[in-house]
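Grab a pencil and work through these exercises one at a time. Try each task yourself before you read its solution.

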Amino acid sequence: MADTTASFSPSCVERLKSYVNTPKGFTLAAEILVSFIIIICYAASVYGGYSALAICEMIFSMIFFGIFMMDLDKQILVINWVWTDLFRAGIGAVLYIITSLINFIGGSGDGARIAGAVFGLIAGLIFAYDTYTIFLQVKSNRQHSAAPTDDRV
């Protein structure tokens with residue numbers, strides 16, 4: 001007979017629901033959703049080659065969402081997850097803004113391309129906000145110690 005008094009570990013769905021309610025989880029979920037919308041817009045466009053950025057950023061956001069949701073960042077200590085996430089979000093913000101401006105300027109007559117560019121600018125802002133919050137986290141975790149002022153070694 002199974003022991004029913006054993007410790008209860010939350011299921012994956014419960015972890016998902018609780019993690020999406022956190023600020024970081026909500027930001028990552030928004031990044032995934034907007035990237036998916038951009039993929040749909042660029043797939044409907046005549047110029048579908050711009051969807052590669054949205055696909056890559058959506059996959060990276062999904063990976064980090066899963067890692068942070070399952071608390072794997074506290075178990076896998078070989079990688080500095082905060083700095084890795086900072087680079088992911090920063091590069092995503094810059095690339096989304098550049099790609100969206102290119103599509104917005106050159107997309108006359110292609111409504112799906114313009115819509116993808118508008119959502120790309122929104123995604124760039126979301127990724128920039130994520131970069132800013134991660135930077136604040138890095139800045140608050142840094143320890144400040146006074147440098148020695150004497151000439152002794």
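You're looking at a predicted model, where local features need pLDDT of at least 70 and side-chain atom pairs count only at pLDDT 80 or more, while totals for chains, interfaces and linings use all residues. Residues are numbered from 1 along each chain as its sequence is written, and side-chain values use heavy atoms, with hydrogens and water left out.

**Exercise 1.** Work out which elements the protein chain has, in order from the N terminus.

*Solution.* Start with the rule: helices (H or I, at least four residues) and strands (E, at least two) are DSSP runs, numbered from the N terminus. Next, count them: the protein chain has five helices and zero strands. Written out in order, that's α-α-α-α-α.

**Exercise 2.** Find out how much helix there is in residues 25-45 and in residues 51-70.

*Solution.* First, check the record: UniProt, in an unreviewed entry, puts "transmembrane region" at residues 25-45, 51-70, 82-102 and 114-135. Such annotations may be inferred rather than shown by experiment. Now take residues 25-45: they're 95% helix and 0% strand, with end C-alpha atoms 30 Å apart. Then residues 51-70: again 95% helix and 0% strand, and here the end C-alpha atoms lie 29 Å apart.

**Exercise 3.** Sort the lining of the largest pocket into nonpolar, polar and charged residues.

*Solution.* A pocket is an open set of points on a 1 Å grid over the protein atoms alone, where a 1.4 Å probe fits, with protein on both sides within 12 Å along at least five of seven lines; lining residues have an atom within 4 Å of a point. Step one is the list: Y19, K24, F68, D71, D73, K74, W81, V82, D85, I134 and Q137 line the largest pocket. Step three is to see where they come from: α4 (81-106) and α5 (111-141) each supply at least two lining residues, and α4 gives the most, with three.

**Exercise 4.** Decide whether D85 is buried or exposed, and find its contacts.

*Solution.* D85 sits in helix α4. Buried means under 20% relative accessible area, exposed over 50%, partly exposed in between (1.4 Å probe, protein chains only). D85 has 2% relative accessibility, so it counts as buried. For contacts (heavy atoms within 4.5 Å), skip the neighbours within four places in sequence: D85 then touches K24, F64, F68 and I134.

Conventions. Ala, Val, Leu, Ile, Met, Phe, Trp, Tyr, Cys and Pro count as nonpolar, Asp, Glu, Lys and Arg as charged, and the others, Gly among them, as polar.
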